[in-house]
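Hi everyone, thanks for coming. Let me put today's structure on the screen, and then we'll walk through a part of it together.

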Amino acid sequence: MIGASGSGKSSFARQHFLSTEVLSSDYCRALVSDNENNQKATNDAFDVLHYIAAKRLAAGKLTVIDATNVQPEARKPLVRLARDYHCLPVAIVFDLPEAVCQNRNKERPDRDFGPHVIRQHRMQLRRSLRGLRREGFRHVFVFNSVEDVDSVSQVVREPLWNDKSDEHGPFDIIGDVHGCYDELVELLEKLGYEQVNLENPDNAMDGHYYRHPEGRKAVFVGDIVDRGPRILSSFKLVYNMVKTDNALCVPGNHEIKFMRKLQGKDVQLKHGLAETIAEMEALPDEQRSVFQKEAIIFLDNLVSHYLLDGGKLVVAHAGLKEEMQGRGSGKVREFCLYGETTGETDEFGLPERINWAAEYRGVRQVVYGHTPVPEPEWLNNTINVDTGCVFGGKLTALRYPESELVSVPAKLTYCEPVRPFKKNSGDRLTIQQIQDDILDADDVLGKRFISTRLRPNIVIREENATAALEVMSRFAVNRATCKTLRNAAEPFWR
Ligand SMILES: [Mn+2]
């Protein structure tokens, strides 16, 4: 909230938000100095306020800052906090006439500052008004009068676009298609989907889609386009399935590049985009322009990731860390599209990726694609379903909630992968087993609760965990384990 002293911020907050949602600078002044109006306590008060706000935002809780916030310096740390936790900052501005604020403060004996204070607040506020969006506020609401404020009957909390927790599926989550239309159709039919013709077919977008007779929904992890043999047919099929509510689709990095190309931006025709563009150029003029217009709208509206089935399932192209799930920021979108890279390149000249899934400890299942793997495998509640169909692998779907994998083999190797695409040799360890072979001290140190089949919630006290670990570590042979332990528990190791 932004407004001069006496502009009615606290009353508005009391009326429309939970008392625990509102962090007031006055209250924090009192917390640290027993006096709400002690201006000397301002810095400490804001330390406390920012600290609590950070905890709330980390937990994804709506947080209302009740302070004047009329100076850019005061708002800056708040916008930064919102960004750090991938929350959207919203400004509610109380641009009320000076007389209203002066009168209200006169009625309050504890506000004994002179009228110049409010005049200055008002000036700072007016100077700030136009720049709020540039400062990073994603929505700005301005009240110009007492009537404006009083006319608000309710503050409506809109869920983010990525929040589809109301949709419970069942789902069939389909890996990177990359123009493998024949395999896509075969997979859909194997999953039980049936072809339906559109009633009013649009020439530019083909006339059919696939629908499951039991109302299952396909969820595409993105990278529909580029590289493969029938890119536009694949794209149009996904488009029609999304339009008719038979599918959801999150964008892949290839969709974004394709969209930028369609918008006339300077994009290199590499990594298979040339094939997409060639198919488009081959369309008759009239169809092409309709297709282009529709495709831009469709691509531009794709949402970075989805939270599904009461928040139990997350689908994102390159996966998603726990702290970013269901949040909205540029960084979240970036992660969904490209994952996290080290900034280095590997021996094939490809960006070296950070394996976020190895560190994942979240409760939500994350299903993703982006990096082709020979076999989809579970790792810490995440699974990569991109089995490199276009590279001669297969096209895979994960049936949710059944956790059943269904795939169809590629008919051809349509594209030679830069990094060799190796098939699994039979009896190797699963990636989860390899992962579990290395103990991460953070997973076992400190007070722990474990649930067993016989007894739920057994408490492992910190000192007991440490002792157990100490005994176990005498038998440690894995040097990586030794290193982890030594770093995490230096004093006890010695
Ligand atoms: Mn990708």
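Let's begin with a pair of strands: β19 (residues 394-400) pairs with β20 in the antiparallel sense, over six bridges. Strands here are DSSP runs of E of at least two residues, and helices are H or I runs of at least four, numbered from the N terminus; two strands pair if DSSP finds at least two bridges between them. Across this pair, Arg-399 stands opposite Glu-404 in β20.

A word on the source: this is a predicted model, where local features need pLDDT of at least 70, side-chain atom pairs count only at pLDDT 80 or more, and totals for chains, interfaces and linings use all residues. Residues are numbered from 1 along each chain as its sequence is written.

Now, what is the strand order of the open sheet? The five strands run β11-β10-β7-β19-β20, with mixed pairing. β11 (247-249) and β20 (404-409) are at the edges with a single partner strand each, so one side of each has no neighbour in the sheet. From one strand to the next, the twist averages 20°, with axes fitted to C-alpha atoms, for helices over the stretch in contact, and angles from 0 to 180 degrees between N-to-C directions.

Next, the helices. Helix α9 (residues 181-190) lies across β7 (171-174), β19 and β20, at about 140° to β20. Helix α10 (residues 231-243) packs on the sheet too, touching β10 (217-220) and β11, and makes about 115° with β11. Contact means C-beta atoms, placed from the backbone, within 7 Å.

Definitions and conventions: Contact = placed C-beta atoms within 7 Å.
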